[in-house]
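The following note concerns how two parts of one chain meet. Please read each point with the structure in view.

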Amino acid sequence: MSTGYFFSHRHVLGIDHLSSDDIQYILDTAESFKEISARPIKKVPTLRGNTIINLFFEPSTRTRLSFEVAAKRMSADTFNISASTSSAVKGETLIDTARNIDAMHPDIIIIRHSFSGAPHMLSRHVDAAVINAGDGTHEHPSQGLLDLMTVREHKGKLHGLKIAIIGDILHSRVAHSDILGFTKMGSEVHVYGPATLLPPDLEHLGATVAPSLEEAVRDADVVMTLRIQKERQSDPLIPSFREYAQQYGVTREVADLARPDALIMHPGPINRGIELMPDVADGPRSVILEQVTNGVAVRMALLYLVMGNS
Amino acid sequence: MANDWRIRNGRIIDPVNGIDRVGDLFVRDGVLVESPRDLPDSTREVDASGCWVVPGLIDMHVHLREPGEEYKEDIVSGTRAAAAGGFTAVACMPNTRPVNDCRSVTALILERAREGFARVYPVGTISRQSGGETLADFGEMRDAGVVAVSDDGLPVWNSQLMRRALEYAGDFGLAVISHSEEPSLSRHGVMNEGKVATRLGLRGIPTAAESIMVYREIALAEYTGRPVHIAHVSAAMSVDLIRRAKERGVPVTAETTPHYFTLTEEAVEGYNTNAKMNPPLRTEEDRQSICAGLADGTLDAIATDHAPHSRLEKEVEFDLAANGIIGLETSLPLSLALVRDGVLDPVGLVQCMSVRPAAILGVPGGSLSPGEPADITVIDPELSFDYTEDMVVSKSSNSPFLDWRLQGRAVLTMVGGRVTFELRATD
């Protein structure tokens, strides 16, 4: 860890706001916490007496569970609130909800919301530290950080790598956080997917749009596939999942274009046989479950760091 | 009290009469007169030294929210804001609750306007209930007092209905104002499609959503030979289409608003709901095209699209926030910046903010000719001020320009010789 560094963020709203030093420090902290999860008694008293609220306006199992496990391993008291995004329609605004929760004096509010920017708005109206657990199609910083951590563990570095991200970039907050994170750390990010699933001006995030699936994956150090979001197909974005699997799915042949030691990653849950073929997903180069393990460590680090800054 | 005035030593700018000179202006019984001969001793005086004296500004596109949403604005508060911004007349869009698609709503608006601070020209709907299915009763609405028709807020998606509206409106001398938006392209979008939307993870509205409809209106105007007016132009492609249509003689006019020539999509940064509007703020390239369109007359008018919303509609998630900003009190200062930047000269500014709106709507005003009602705006083009929330006259304060330092503003607004706003005491 660099000397004299101080984690200055009260909230973690996105990778956009973090510097490369911040990211380095978070990953170092997460690595030091990872060992706790391997102990027979997986609990340290670090956040004893702290109250953490999981405010989830959107269904999520793995992210919510990961944050909860992280919090409990650090002895914090956690509470889960599953709210409907439609509460605004019913009369209570997000700000009112947030103020009510804040009146109970939680230390940290972890928010997942289907609208981009909701955590930013929340952070302006509460005293608690706010951690973004995914907002709309904007960012999912803790997922981005766990991806960085997983790659750094295997590659020993984050600079000078070629990262391929394949699939639905348009709707993927994970892709946004990954593009920002990997490029901040000095890697090149090449994205590919149907033109209908690539947002405009992606290069402003730091990514390069590859001309073909093969070009994106060729000599890559990491191949990240993204979930095709079946719930978002009201727009005519792709003709069919069958067509998608044939044209954009990562098969063994495609994966073999990457470097022999390339990592296969996926933020989950996987549509097996659509964006990622089962033999690749379960193959020797897949680190998909390690991503999940590292998620707990990264979230422990984030909780610890925002509390240290309150 | 008699409405007799001598406005001294102002720079009188009256494009219709080809006047731009320093001098005095005279009002007798609320009507402009040529000379001071018949003015009584009780005539009041205004020292307009260093100021411009112009025909009363006309905002051809505002939302006054009455009837139905008076908690956001009402006709009295909206016209008070208009007067404070230097406007002597406003045209109010029909998307009230209920919508203005019949005599009784028009009559109510005009009745309430009698207590107001500016002339109010109601705009009726193109389609019944703004439903986009059948034509509203243009004749009845015209008889009740509307000067134009528009489904503003909603596009007329049915091209045949738009064609018929252009044809039928001609029978009643009503301007047809198009809210140009192709709904299948704009659906779900909340800001301009582009790099800022990508970074913020917000769904985008492409400029093509506007320009496709602008082109449709041009095609229909060209085909029917009937005039069409394009509201709130935001995109470079639209400016280009209108410019080329005018070159070949198509009867198309257009307006833009101060936010499209002042701001870009960057204003949305931080999920600022006071920068959420429809059409959305665009890019720097679009902004510059809007300025060029004003400079060469492609864009005829500056309107505000004054759209008051309470905090209830704005202090929510960006996706859920209402579209629109207030504009009556900032329009003139922001437009004066165009003069300082060399985009418009003072005469051009008066054309955009008074002469052409009057001509497009076919309403009085836009000149300082003797015999006309004394609708006059006195502008101090240099006066600087901080536009803060506590000075907002409108009922709502949803403005992205709050806490901006602005330069130039109206110091006196007069409707028919009656002072509706004054910043400093008259003699």
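1. The C-alpha centres of domain 1 of chain B and domain 2 of chain B are 25 Å apart. Domain 1 comprises 5-52 + 372-422 and domain 2 comprises 56-361, with bounds taken from an automatic or database domain assignment.

2. This is a predicted model, in which local features need pLDDT of at least 70, side-chain atom pairs count only at pLDDT 80 or more, and totals for chains, interfaces and linings use all residues. Residues are numbered from 1 along each chain as its sequence is written, chains are lettered from A and ligands numbered from 1 in the order in which they are written, and side-chain values use heavy atoms, without hydrogens and water.

3. In chain B, 39 residues of domain 1 are in contact with 48 residues of domain 2 (heavy atoms within 4.5 Å). Together the two domains bury about 3300 Å², of which 64% is on carbon and sulfur atoms; buried area is the accessible area (1.4 Å probe) lost by two parts on being put together, summed over both. K395(B), N398(B) and F401(B) supply 20% of the area that domain 1 buries against domain 2, more than any other three residues.

4. Three salt bridges are found across this interface (a side-chain nitrogen of Lys or Arg within 4 Å of a carboxyl oxygen of Asp or Glu). The side chains of R119(B) and D375(B) form a salt bridge, at 2.6 Å from N to O.
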